[in-house]
Amino acid sequence: MTTRATQKLRVMHLYRRCLKDLFSWTGNRELFYQEVDKLRDMFEKNRNVTDPNLIDELIEQGEKKLHAGRHPDPYVVPYYVGGTKYARNPPVPPEMRLVFDYGREVQP
């Protein structure tokens with residue numbers, strides 16, 4: 001049996017993971033917002049449940065449903081690891097010297 005605070009955190013994490021996965025399935029923002037409304041209604045339906053055992057069971061069911069419906073190729077923010085723009089620009093070669101004098105450098 002878990003505490004109420006732990007259950008609350010598990011529900012918040014489940015909702016957030018559901019939102020992220022839902023964004024991977026919908027390519028259009030309007031469609032995403034429509035699906036978010038449906039998802040929110042599913043969570044709100046069980047908002048007033050007070051039995052700790054039933055809450056744990058509902059969380060487990062939600063996690064199983066999320067795992068079963070995961071997107072095979074989830075959306076990754078382009079600048080994060082695994083994104084299309086992550087580490088796109090190579091580092092400056094060591095033989096290049098950067099001068100940060102901004103116009104005050106000495107001419108040879």
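## Largest pocket

Helix α1 contributes eleven residues to the lining of the largest pocket, the largest share; helices are DSSP runs of H or I with at least four residues, numbered from the N terminus. The model is predicted, so local features need pLDDT of at least 70 and side-chain atom pairs count only at pLDDT 80 or more, whereas totals for chains, interfaces and linings use all residues. Residues are numbered from 1 along each chain as its sequence is written, and side-chain values use heavy atoms, with hydrogens and water left out.

The largest pocket holds about 1100 Å³ of space. A pocket is an open set of points on a 1 Å grid over the protein atoms alone, where a 1.4 Å probe fits, with protein on both sides within 12 Å along at least five of seven lines; lining residues have an atom within 4 Å of a point. Its volume is the space filled by probe spheres set on the points, which are joined across faces, edges and corners. Of the 31 lining residues, Val11, Leu14, Tyr15, Met42 and Phe43 lie nearest the centre of the largest pocket. At least two lining residues come from each of α1, α2 and α3 (52-68). The lining comprises 15 nonpolar, five polar and eleven charged residues, where Ala, Val, Leu, Ile, Met, Phe, Trp, Tyr, Cys and Pro count as nonpolar, Asp, Glu, Lys and Arg as charged, and the others, Gly among them, as polar.

## Packing of α1 with α2

Helices α1 (residues 4-25) and α2 (residues 29-45) pack at about 155°, their axes 10 Å apart; axes are lines fitted to C-alpha atoms over the stretch in contact, and angles run from 0 to 180 degrees between N-to-C directions. That angle makes α1 roughly antiparallel to α2 (over 145 degrees; under 35 counts as roughly parallel, 65 to 115 as roughly perpendicular and the rest as oblique).

The contact (heavy atoms within 4.5 Å) involves Val11, Leu14, Tyr15, Cys18, Leu19, Leu22 and Phe23 of α1, and Arg29, Phe32, Glu35, Val36, Leu39, Arg40 and Phe43 of α2. It has eleven nonpolar, no polar and three charged residues.

## Packing of α1 with α3

Helices α1 and α3 pack at an angle of about 20°, with axes 10 Å apart, and are therefore roughly parallel to each other. Residues in this contact include Val11, Leu14 and Cys18 of α1 and Ile55, Ile59 and Leu66 of α3. By class, the contact of α1 with α3 has seven nonpolar, two polar and seven charged residues.

## Second largest pocket

The second largest pocket holds about 300 Å³ of space. Its lining has 13 residues, with Lys20, Ser24, Tyr75, Val76 and Val77 nearest its centre.
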